[in-house]
Amino acid sequence: MITYDKLFIGGQWTAPSSDERIDVVSASTEEPIGSVPAAAAADVDAAVAAARAAFDDPSGWSTWEPARRAAAMENLADELEKRGEEISRRVSSQNGMPIAISGALESGFPVSLLRYYANLVREFDFETEQPHLTGGTTIVRREAIGVVGAIAPWNYPQALAAFKYAPALAAGCTIVLKPSPETVLDAFALAEAIEASDVPDGVVSIVPGGRDTGAYLVEHPGVDKVAFTGSTAAGRIIGATCGQMLRPVTLELGGKSAAIMLDDANLDLSVMGERFFESMLVNNGQTCYLGTRVLAPASRYDEVIDTLAAFMTSLPVGDALDPATMIGPMASSRHRDRVEGFIEKGKSDGARLVVGGGRPEGLDRGWFVEPTLFADVDNASTIAQEEIFGPVLSVIRYTDTDDAIAIANQSDYGLGGTVWTADPERGRDVARRVKTGTIGINRYMPDPGAPFGGVKDSGIGRELGPQGLSAYLQYKSIYA
Ligand code: NAD
């Protein structure tokens, strides 16, 4: 059992102001694995006050030379790296992410991101001069936006928190992070890393809690910007609040991306299996950008289905902490109910169940779902339009490339996507025509150095890359 009795607020371990606790259960065994205090409103107030004071300090974090902030961020990266194994273990125990991938994605990625933004700000022009168009000079400054309220989901709790705090720290902002209740244990490991690092007190606080805690943070008068990753439903509410308050907000929301198999796609699993896994199924399907609508050409329709069926049945399903596991359990019992509800809906709507559809044999504990493949799916049906967030793929038939692109674009979402082809030029042409924030050709792997985010119901704004830093800066023009 991992138990904490204090909250990490303003750089100090502080007694919580209420007795409320968050108990965490293993997704693989359903056994209790940890317990932490929940942050009450008074704790969020204290966290925001600490962030405000740290930001407004005339010689504090936001006023440091970028190189000094960069050094502190690199030191935090080192502290996180030391705790890497513990962090990936905690993440995998909580949300079911196979341990085979959580080391790179949940421990490694935040470390790389801190180092990337540390390097970026060393070179970054926070202040430039240009001629004033009516004579004289204008100084254009990029100033840190202030106190950031950052809200992360449970599926990649460390990486998606780092998508926010790494550029925010680089910009000179201070942060109050609210992790999801499903994944609080790794957030406390992050707190320990921050405490041990050269990042000053008050710059980052962590307020574990659910929706109400998040909502309280979003509308807190001391917050200057909100950065959110989560469902489209919650994003709409948060966006509405921020709109009313004229508070800048970044929203990274859901997705239902298309994997467009062109008629010359390589379907050899010995070459493509790992790439299919990364772009369609990684983290048990609990990944926002996955291409879960597989668009198959009529000319190779059966071949695509047979390949995916063979692939999905070959993936070892099991305890997330077993290094051989490729598909772990769903993050919670409630979430598995939701995924199973979609599978039932797929069947009743007339899609053809090719493999899976039930619970894996021999796994009596843990919230497992069999990797499930539907064929003959109508793109207008529920399983093709709504985000399932589980190991469920739907194959949709198309006639020609224009038809494939039209189907890909018939979605309320626009976050990820892939094009599979032996001809890279053809792949790029198709990728340019898909309405989406990101898309991969013969693979999908977000690039820390390039903007990531969605169009349509997948969100507003971009994270990662230099654009991710801009989201934490605001312009000031001085007419000198
Ligand atoms: P969720 O929206 O239920 O919760 C996300 C976070 O927001 C949690 O910390 C939750 O406590 C908090 N929250 C919920 N309602 C809130 C409100 N009204 N005000 C403030 N905070 C609130 O989502 P989830 O189930 O934790 O995560 C899964 C969703 O996240 C999926 O839809 C997935 O696509 C999306 N996601 C998007 C991206 C992306 O980059 N676009 C990445 C990962 C996950």
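This is a predicted model: local features need pLDDT of at least 70, side-chain atom pairs count only at pLDDT 80 or more; totals for chains, interfaces and linings use all residues.

**Entry: the ligand**

Which side chains have an N or O atom 3.1 Å or 2.9 Å from an oxygen atom of the ligand? I found Trp 154 at 3.1 Å and Lys 178 at 2.9 Å. With the cut-off at 3.5 Å, I count both as polar contacts. I then looked at Ser 231, where a polar side-chain atom lies 2.6 Å from a ligand oxygen. Stepping back, I listed 27 residues around the ligand. Ser 231 is among those that come nearest, along with Ala 152, Leu 253, Cys 288 and Glu 387.

**Entry: the domains**

How is the chain divided? I have domain 1 as 2-253 + 456-479, and domain 2 as 258-441. Taken over C-alpha atoms, their centres are 31 Å apart. I see 30 residues of domain 1 and 33 residues of domain 2 taking part in the contact.

**Entry: the area between them**

How much area do domain 1 and domain 2 bury between them? I wrote down about 2500 Å², with 55% of it on carbon and sulfur atoms. On the domain 1 side, I find that Ser 28, Trp 154 and Lys 456 lose the most area to domain 2, and together they make up 22% of what that side buries.

**Entry: polar links across the domains**

I count 16 residue pairs in polar contact between domain 1 and domain 2. Looking at which elements give two or more residues to the domain 1 side of this contact, I get α3 (84-95) and α4 (99-123). The largest share comes from α3, with five residues. By residue type, I sort that side into 11 nonpolar, 11 polar and eight charged.

How many salt bridges run between domain 1 and domain 2? I count two. I also looked up the salt bridge where the side chains of Glu 182 and Arg 334 meet, at 3.8 Å from N to O.

**Entry: salt bridges overall**

My count comes to 25 salt bridges. I picked out Asp 5 with Arg 21, whose closest N and O atoms are 3.5 Å apart. This pair links distant parts of the chain, 16 residues apart. I place Asp 5 in the loop between β1 (2-3) and β2 (7-9), and Arg 21 in strand β4 (residues 21-25).

Technical notes:
Residues are numbered from 1 along each chain as its sequence is written. Side-chain values use heavy atoms; hydrogens and water are left out. Domain bounds come from an automatic or database domain assignment. Contact means heavy atoms within 4.5 Å. Buried area is the accessible area (1.4 Å probe) that two parts lose on being put together, summed over both. A salt bridge is a side-chain nitrogen of Lys or Arg within 4 Å of a carboxyl oxygen of Asp or Glu. A polar contact is a pair of N or O atoms within 3.5 Å; within protein, one must be able to donate a hydrogen and the other to accept it, and residues adjacent in sequence count only if both atoms are side-chain atoms. Helices (H or I, at least four residues) and strands (E, at least two) are DSSP runs, numbered from the N terminus. Ala, Val, Leu, Ile, Met, Phe, Trp, Tyr, Cys and Pro count as nonpolar, Asp, Glu, Lys and Arg as charged, and the others, Gly among them, as polar. A residue is near a molecule or strand if one of its heavy atoms lies within 4 Å of it.
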